[in-house]
Amino acid sequence: MVAQAIAEPITHPAVGAALDLAHVNHSFDIDGAELPVLDDVSLRLKAGEFVALLGPSGCGKSTLLRLVAGLDRARSGVLREDDNAIAGPHPSRVVVFQDPTLFPWRSVWDNVALGLEAQGILKGHRQRVDAALDLVGLSAFRNAYPHQLSGGMAQRVALARALVNDPKILILDEPLGKLDSLTRIAMQAEIVALWQKAGFTTLLVTHDVEEALFLANRVVVLSDRPARIKANIAVQRPHPRHRGDPYLAELRKQILGLLGLDATW
Amino acid sequence: MSTYSASKAVGFPQSVEEGVALAGRPLSLPNALLANGTGVFASLAWVAFGLSCLLWEDLGDWSRTHALAIAAFIIAGGILAATASGKWLGRFGTGLQPRAAWLLALGLFLSMWEVATAKFAWLPLPFFPPPQAIIEVYTDDLPKLFDSVLASVKLQLGGYAIGAAAGFLTGVSIGWSRSVGYWVHPVLRFIGPLPATAWLPIAFFTFPSSWSASTFLIALATGFPVTVLTWSGVASVSNAYYDVARTLGAKPSFLVLKVAIPAALPHVFVGLFMGLGSSFAVLVVAEMIGVKAGLGWYLQWAQGWAAYANMYAALLVMSLLCSGAVTLLFKIRDRLLVWQKGVVKW
């Protein structure tokens, strides 16, 4: 395990929850044949930590996230949020997907209110929706419909829709993957700011090495399918970070090597 | 882009704004005529219609020829006045301008119709009644026509509402639950494509009254398309929506009511529209054969008496009612589906 000598106060135990994955295996049935996707994955996230999962495309990162979210059940192994086994989806673990998947028939405000409405607590908590929209800077678009938003705005609404539930664990499944590079850089900074402010535990899946290094306390590198944990690298730099930091450049080289791309760099 | 491009071809004002701007300028008479040409010609067409009523003797015995001519002159005057004072009439005036070409065509059509039937009988007479004969039906046979409209609307509304509700519920159930789908799908597949009118003979002796039999048939005709399209709508909802709702704490009832149904609504409205069409067909047939009331029965009755004018009059009313029902459905859809881009305008 990597030493956690991190300079900044990153943990907010009151808000974030610890996440514990022990010997998780998973596989898909494809035309009767079993396709293993996760091979004995064990991973611990401390409360309030920001961990990035890096791995080659199709290695099973998103599958791992679905297990953490409780959308699918692992074939074997145990997943725990604090001390409770994860048995199904729960609003304390919210996912932001690669596609914003806003409900097109709902206005921006109603989309953000979705979680509170589904839990039956919208009445009396309407100001939380307003606050979440404020947080992502989209108060002016509260009555707009999703088809009127740009890609970046839609993804910010999806972020607000997640944050309004005060999640203990925020699961980000390549949330910036489809955005243009300028919007992506701006939103990376926003995500760090939101995480520092709210203190939830964050698990980010990405295939962008720089993004992982810019955001996370720890980068977990996964192997090709079936995914195993290849390396567990602490990023010992406080936020805000600088993209040109030679320390990050050195880590990037190391990680690209682990991903089998050393020859090109 | 305006849909009414007739005025464009003749070189008249291309847009309402342009027309209004032209009308505001002090113009000599020929110029004013050119600027509002379509309106003026429309007015002339209606004058022609009025004259066509008066210039020759009627070949038959119709009592409303003079009244019709007077009405045509009044309409002609109205069109002319509205054209001249277009910009003072506000929305009505600006709404009239692009439709002037329609009024022109209508006036010409009525004149030809009048001449071809009442005056020279180019079209064989009892089968092609002149306009005044149809007006006569509306003035002299109004109570019976009105009762028929009422009976038709009542029957149609009841059957359609039952069919739409049943179809919607069935469709949602099949789309949502695998086991409901297992049992209902074969029934739907077996019975659905059968034209509802094929049930007519059976329905009329199994149901206690011809009215309840007809309601059942109309509901059946409505229900099938509504069921199939609701079902396909619910089945095609992306799993990503369910995933999002589930991670946010949604229970199954929320997934059905707040995810599946709103996502399926565009499909549901296609089903409702198709159901409306097939239910009209069943309504008319059921009224002709079983129920002794309604516009379908009125048509049948008029044919029995060789009262051809009454048939055309009833047909016109029926077409207005059906078109009105479709318009109403589309209005409701536009209200409910404002979030959709580019819906078809009716």
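Start with the contact between the two chains: select 21 residues from chain A and 14 residues from chain B, counting two residues as in contact if their C-beta atoms, placed from the backbone, lie within 7 Å. On the side of chain A that touches chain B, β6 (93-96) and α3 (114-118) each supply at least two residues. That side divides into 13 nonpolar, six polar and two charged residues; Ala, Val, Leu, Ile, Met, Phe, Trp, Tyr, Cys and Pro count as nonpolar, Asp, Glu, Lys and Arg as charged, and the others, Gly among them, as polar.

This is a predicted model: local features need pLDDT of at least 70, side-chain atom pairs count only at pLDDT 80 or more, and totals for chains, interfaces and linings use all residues. Residues are numbered from 1 along each chain as its sequence is written, and chains are lettered from A and ligands numbered from 1 in the order in which they are written.

Next, select chain B, which has 16 helices and zero strands (DSSP runs numbered from the N terminus: helices H or I, at least four residues; strands E, at least two).

Now select residues 65-84 of chain B, helix α5. T65(B), L68(B), A72(B), I75(B), A76(B), I79(B), A82(B) and T83(B) are buried there (20 or more other C-beta atoms within 10 Å of a residue's own, C-beta atoms being placed from the backbone; 12 or fewer is exposed, in between partly exposed). They cover an arc of only 135 degrees around the axis, which puts them on the same side of α5(B); the arc is that of the directions from the helix axis to the C-beta atoms. On the other side of α5(B), H66(B) and I74(B) are exposed.

Last, select α16(B); its buried residues include M311(B) and R333(B). The buried residues of α16(B) pack against α8 (131-140), α9 (142-176), α14 (252-289) and α15 (295-304) of chain B.

Terms used: Expected span 1.5 Å × (residues − 1).
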